[in-house]
Amino acid sequence: MKVILAEKPSVAREIARIVGATKREEGYLSGNGYAVTWAFGHLVMPALPDGYGIKGFHRDNLPIIPPVFTLVPRQVKTDKGYKPDSGVVAQIKIIAKLFRESERIIVATDAGREGELIYRYLYEYIGCATPFDRLWISSLTDKAIREGLENLKCGAEYDKLYYAAKARSEADWLVGINATQAITIAAGRGTYSLGRVQTPTLAMVCERYLENKRFVPEPVFQIHLSTDGTADGEVVKFSSALKWKEKTEAETAYRTVKECGSMTVTRVECKETVQEAPLLYDLTTLQKEANTKHGFSAEKTLSIAQKLYEAKLVTYPRTGSRHIPEDVFAEIPALLLTLKNHPVLGGYLSTMGNLSRRSVDDNKITDHHALLVTEVKAKNLEADDRILYDMIARRMLEAFSDKCVKDVSTVSAECGGMEFTVKGTVVKQAGWRAVYGEKEATEEVALPRWEEGGTLPVKASSLTEGKTKPKPLHSEATLLSAMQTCGKEVEDEQLRQSLKECGIGTPATRASIIETLFKREYMVRQKKSLVPTEKGLALYSVVKAMRIADVTMTGEWETALSQIESGEISAETFRKGIEDYASQITTELLTSEKLFPRNETGCTCPKCGKGVMQFYGKVVRCGNPDCGLPVFRQKAGKTLTDAEITELLTSGQTGVIKGFNSKQGKPFSAAVAFDGDFNTVFVFPDTKNKKTNPRKKK
């Protein structure tokens with residue numbers, strides 16, 4: 001008997017159908033010489049500190065560096081601490097029995113780093129010695145499964161992939177456990193969570209937020225001149241090449257220009273520009289564009305893509321590659337024909353000529369090739385599923401279409417001793433841009449055929465005032481880009497691709513990292529923007545100068561993991577570096593006087609009535625460990641003073657305080673009070689009847 005292990009029951013059912021294992025058993029399907037069973041993601045994990053006899057958070061225990069990691073069944077949190085998940089334990093027993101009775105194992109977990117780790121941890125925990133092969137496929141279509149089963153790989157070929165996955169898992173444990181315990185001990189109250197990837201990600205969100213809030217807008221003035229355009233009466237607007245910061249200087253220049261009735265053409269330049277077709281989607285690029293265009297979170301995009309994959313409609317979604325190999329390119333014409341009856345894309349498909357090879361490169365394939373639709377036709381999809389499927393299909397049409405060619409004209413003119421310019425664009429060949437139909441036409445601005453030295457009448461003039469703008473707050477799309485390029489602002493596509501090698505996280509994990517920051521209440525969504533909470537900012541203020549918040553260092557670790565996978569460095573070398581770092585960050589974080597200075601307020605906790613409230617840098621907290629009531633100083637962009645906090649603690653409400661700012665940026669005044677659960681709320685004065693109107697501060 002051969003045993004096939006899939007990552008989840010739905011995938012196991014598809015494989016079982018192909019191999020003829022149709023009899024339902026407890027925890028598996030059997031038949032035709034096969035037993036097809038499944039995991040539920042990670043069934044086995046490295047033990048938490050209590051698995052090594054270390055209970056609670058104590059300074060003397062740190063750093064915790066197990067010489068060898070102990071594997072245990074997946075744990076769940078209960079009122080009495082963590083305990084093994086009973087459903088997981090039962091499934092492990094079933095798998096262990098099948099493994100020991102089998103002549104050979106076929107590993108069919110997801111073909112990637114985490115899928116390999118799911119199987120190898122399980123194999124090691126069971127203590128199995130049965131030989132195994134690897135099913136390595138990029139889609140779940142019947143054809144792909146059959147071909148994969150006919151071309152199984154020796155399990156040993158993926159040893160380095162396992163070493164990299166194991167190194168990642170242990171590094172996250174060493175840094176996360178030690179840093180979390182150290183900062184929590186240093187804080188004295190409450191629990192703070194730090195992580196190898198989550199902390200530099202939070203740092204990028206906080207840095208952008210603080211940069212945005214500290215930005216002081218400056219005025220910018222510019223002059224515009226209008227002249228006759230085409231015979232249809234369209235007007236062409238020139239803009240001054242120079243912009244002024246001082247209003248008086250701008251007004252002086254404007255008066256000079258207004259006295260001129262014409263301007264002289266000084267330069268006419270026309271260049272042909274080429275926009276190459278975009279590369280196919282990898283997961284991160286799909287997540288970014290789904291967030292920008294449709295407001296999907298990274299987690300939602302991954303969830304839908306996984307759903308489409310399991311429905312056999314798209315290829316493996318957790319890919320970091322935007323290219324396909326030559327053998328897959330040979331299948332593209334047949335895959336595109338799947339879209340011929342698509343209500344929007346079918347018409348464009350019939351106009352396509354020779355397929356572009358820009359996304360074809362065998363040397364740029366990682367574990368899996370770029371995202372593609374399969375030969376299975378999409379029917380009766382839910383609205384959001386259809387949106388994402390159509391995005392992947394549309395990108396395929398774009399990627400294999402011809403380049404877009406434009407004529408870009410730049411005309412410069414002189415008026416009153418100042419230079420004015422205007423640009424025009426005419427599309428010569430729409431190419432891949434035509435996938436969007438009429439959208440590209442709106443970008444065209446055709447300029448008249450002016451000659452250098454010609455005179456143009458000035459029909460109208462204006463002086464406009466603008467304001468310089470800060471970098472916008474991070475959205476999930478821009479945060480994913482920052483994670484991909486270690487926070488570097490990169491617009492060039494080729495350079496961005498090269499920097500992907502030193503990004504933080506992986507395409508498969510970035511969504512979960514972002515979701516972790518939401519769950520820890522370190523940041524929230526405000527429309528599409530990511531805004532750090534007071535708790536997140538307080539944590540950032542402590543760690544911002546430390547290496548644990550250094551995005552570049554974390555990016556170097558990700559590069560090292562890739563090098564383990566390729567065999568360039570050993571997992572032992574990487575592990576030694578992580579152990580040294582875990583010791584350093586633990587020592588750094590335990591300097592509590594430096595990190596969390598506190599002063600007694602003299603105020604009894606209004607909630608428990610036992611503890612004394614203590615002032616920290618960003619928060620005031622009850623000294624009773626069974627209570628730990630936190631009162632964050634920062635409210636709606638304003639930091640409460642010691643006197644205001646003391647008044648709140650002793651009276652339950654402050655007087656009216658000025659200087660708060662709403663989410664829309666509007667200033668307001670209000671008192672701050674406790675509600676029945678000791679959350680802080682705003683109390684607004686009612687100018688008509690002098691009563692108050694409380695509103696909870698979210």
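Tutor: Let us begin with a term: a contact means heavy atoms within 4.5 Å. In this predicted model, residues 24 or more positions apart account for 68% of the contacts with a separation of 6 or more.

Student: And what does the whole protein look like in numbers?

Tutor: Its C-alpha trace spans about 95 × 75 × 50 Å along the principal axes. The secondary structure comes to 21 helices and 30 strands, and 50% of the 698 residues count as buried.

Student: Why is Lys312 called buried?

Tutor: Buried means under 20% relative accessible area. Lys312 has 14% relative accessibility, so Lys312 counts as buried. You will find Lys312 in the loop between α9 and α10 (326–329). Lys312 is not a glycine, yet its phi is positive, at about 70°.

Student: What makes Ala636 count as buried?

Tutor: The cut-off is under 20%, and Ala636 comes to 14% relative accessibility, so Ala636 counts as buried. Ala636 sits in the loop between β25 (634–635) and β26 (638–639). Its phi is near 50°, a positive value in a residue other than glycine.

Student: Why is Gly353 called exposed?

Tutor: Exposed means over 50%. Gly353 has 55% relative accessibility, so Gly353 counts as exposed. Gly353 lies in the loop between α12 (346–349) and α13 (383–399). In sequence Gly353 is 48 residues from Ser401, and their C-alpha atoms are 7.6 Å apart in space.

Student: What makes Glu124 partly exposed?

Tutor: Glu124 has a relative accessible area of 41%, so Glu124 is partly exposed. Glu124 belongs to helix α3. Leaving aside neighbours within four places in sequence, Glu124 is in contact with Leu71 and Tyr162. Val44 is 80 residues from Glu124 in sequence, and the C-alpha to C-alpha distance is 9.4 Å.

Student: How do you know that Ser239 is buried?

Tutor: Set its relative accessible area of 18% against the cut-off of under 20%, and Ser239 is therefore buried. Ser239 is placed in strand β13 (residues 235–240). Not counting residues up to four places away in sequence, Ser239 touches Gln222, Ile223, His224, Glu419, Phe420 and Thr421. Ser239 and Glu124 are 115 residues apart in sequence and 69 Å apart in space, C-alpha to C-alpha.

Student: Which residues of helix α1 are buried?

Tutor: In α1 (residues 9–19) they are Val11, Ala12, Ile15, Ala16, Ile18 and Val19.

Student: How do you know that they line one face of the helix?

Tutor: Look down the axis of α1: the buried residues fall within an arc of 160°, so they line one face.

Student: What covers the buried residues of α1?

Tutor: The cover includes strands β1 (2–6), β3 (28–31), β4 (34–38) and β9 (104–108), along with helices α4 (142–150) and α9 (298–310). Just after α1 comes Gly20, with a positive phi of about 85°.

Student: Why is α2 called roughly perpendicular to α3?

Tutor: Helix α2 (residues 86–101) and helix α3 (residues 113–126) pack at about 75°, with their axes 10 Å apart. Angles of 65 to 115 degrees count as roughly perpendicular, so that is the label for α2 and α3.

Student: Which residues meet there?

Tutor: From α2, Ile92, Ile95, Ala96, Phe99 and Arg100 meet Tyr119, Leu122, Tyr123, Tyr125 and Ile126 of α3. The contact of α2 with α3 divides into nine nonpolar residues, no polar ones and one charged.

Student: Which members of the largest nonpolar core touch the most other members?

Tutor: They are Val543, Ile548, Phe574 and Leu589, in a core of 66 residues. Helix α5 (residues 159–187) gives the most to this core, with 12 residues. Apart from that core lies another, of 58 residues, including Ala12, Leu308, Val314 and Ile332.

Student: Where is the cis peptide bond?

Tutor: The cis bond joins Leu62 and Pro63, with omega about -5°. Pro63 lies in the loop between β5 (44–46) and β6 (71–73).

Terms used:
Residues numbered from 1 in each chain as written. Predicted model: local features only at pLDDT ≥ 70, side-chain atom pairs only at ≥ 80, totals over all residues. Heavy atoms only, no water. Buried < 20%, exposed > 50% of the residue type's maximum accessible area, 1.4 Å probe, protein only. Helix = DSSP H or I, 4+ residues; strand = E, 2+ residues; numbered from the N terminus. Arc of directions from axis to C-beta. Axes fitted to C-alpha atoms, helices over the stretch in contact; angles between N-to-C directions. Parallel < 35°, antiparallel > 145°, perpendicular 65-115°, else oblique. Nonpolar A, V, L, I, M, F, W, Y, C, P; charged D, E, K, R; others polar. Core = buried A, V, L, I, M, F, W, Y, C linked by side-chain atoms within 4.5 Å.
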